[in-house]
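The sequence and structure come first, then the text.

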Amino acid sequence: MTTRIRTAAATASALALAAALAACAPTEAAADTVTVYSADGLRNEEGTGWLDQLFAEFEEETGLTVQYVEGGSGEMVQRADRESTNTQADVMITLPPFIQQADGLGLLQPYEPEGAENVDVKDPDGKWTAVVNNYFAFVYNTKELSEPPTTWEDLLAPGFEGRLQYSTPGVAGDGTAVVIQAMHDFGGLEPAMDYLGELQANNVGPSSSTGALGPKVDKGELLVANGDVQMNYAQSRTMPNLGIWFPSREGGDPTTFALPYTAGLLEGAPNADNGRALIDFLLTEDAQQRVAPVAGGFPARSDVASEGEDAEALDELMEGVEVFEPDWDDIDAHLSEYLDAWREATGS
């Protein structure tokens with residue numbers, strides 16, 4: 001009897017040890033999965049977002065399971081970089097300049113998906129391709145503000161103290177876009193940092209997620225926050241107090257720049273073929289035709305017409321807004337310098 005008890009205890013101990021060792025060991029992806037690291041904005045809590053729909057259809061058509069991890073654009077690149085010796089994901093979906101950063105870190109492998117010949121925004125070496133076109137923007141609370149602010153200078157008013165917030169540059173893609181936009185509108189790094197340093201008196205503080213700011217504006221916790229057209233237009237369908245606007249300098253016209261969601265295949269992807277199939281799926285004509293009505297964005301494929309009420313509303317929103325082209329090579333090369341300057345200027 002005693003021998004049996006000791007044997008059972010030893011067996012239990014051995015099983016516990018094996019389980020502990022297994023928990024510490026790297027997890028191998030199942031062959032019937034595809035893992036996606038993505039910036040937020042293309043899914044929603046209701047499960048009706050663009051990626052929600054496409055992932056469900058992709059799973060039904062292929063029998064594969066999509067494993068989805070969401071976070072800030074910079075956060076996703078940092079995670080993939082930490083795992084680069086034992087890659088855990090297959091596909092990355094993120095915004096500039098973080099897709100360029102991922103490429104510079106050697107995290108992406110070349111793949112030209114089906115339909116990419118009709119995509120204007122893509123890497124010349126085939127490391128990434130836009131899947132949803134999008135633009136930098138701000139949002140405001142339409143209930144408390146009868147009209148949106150029109151200039152950067154307006155945001156310095158005392159009435160915005162503690163009721164203005166933008167997501168953290170270097171962590172969130174849209175937050176980094178604030179720095180890029182300010183550098184363009186103010187004519188360089190130094191005047192942009194002077195302005196953002198002054199704006200800090202009204203800024204609530206850091207936020208790793210831009211997507212979390214829209215609901216705060218809608219509820220009136222904030223009056224103004226940064227964002228992007230696609231995400232905020234999609235949010236406005238269920239957030240009646242959310243309005244989109246574009247900043248300008250005093251006496252100037254409002255400006256913005258393209259901030260597309262881009263997809264790339266990760267180097268060392270455990271299920272690279274599954275990743276290729278998923279990127280192909282995001283660029284199908286059917287998927288692209290639903291970008292405006294479902295995602296609230298603009299198709300990445302130039303040969304796919306954007307039609308319907310949502311497409312018309314988005315086109316109207318962009319009327320009179322000057323779209324400039326950032327020097328992404330310069331931004332990629334000097335991003336850490338720009339972020340250090342922002343931290344110093346704002347005390348962040």
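## Second largest pocket

The lining of the second largest pocket divides into eight nonpolar, one polar and seven charged residues. Here Ala, Val, Leu, Ile, Met, Phe, Trp, Tyr, Cys and Pro count as nonpolar, Asp, Glu, Lys and Arg as charged, and the others, Gly among them, as polar. The volume of this pocket is about 320 Å³. Of its 16 lining residues, Q100, W128, E325, W328 and D329 are the closest to the centre. Helices α4 (98-104) and α13 (328-346) each give at least two residues to the lining, and α13 has the largest share, with three.

## Basis and terms

This is a predicted model, in which local features need pLDDT of at least 70, side-chain atom pairs count only at pLDDT 80 or more, and totals for chains, interfaces and linings use all residues. Residues are numbered from 1 along each chain as its sequence is written, and side-chain values use heavy atoms, with hydrogens and water left out.

On a 1 Å grid over the protein atoms alone, a cavity is a set of points where a 1.4 Å probe fits but cannot get out, a pocket is an open set with protein on both sides within 12 Å along at least five of seven lines, and lining residues have an atom within 4 Å of a point. Grid points are joined across faces, edges and corners, and a volume is the space filled by probe spheres set on the points. Helices (H or I, at least four residues) and strands (E, at least two) are DSSP runs numbered from the N terminus.

## Largest pocket

The largest pocket holds about 560 Å³ of space. It is lined by 23 residues, of which R43, N44, E45, E46 and Q235 are the closest to its centre. Elements α8 (229-236) and α11 (291-295) give two or more residues to this lining, and the largest share, four residues, comes from α8. By class, the lining of the largest pocket has eight nonpolar, nine polar and six charged residues.

## Cavities

Two cavities of 30 Å³ or more are found in the whole structure. The largest has about 60 Å³ of space, and its lining includes D40, D174, D228 and Y261. That lining has five nonpolar, four polar and three charged residues.

The second largest cavity has a volume of about 50 Å³. Among the residues that line this cavity are F138, W152, Q165 and Y166. Its lining has ten nonpolar residues, one polar and no charged.
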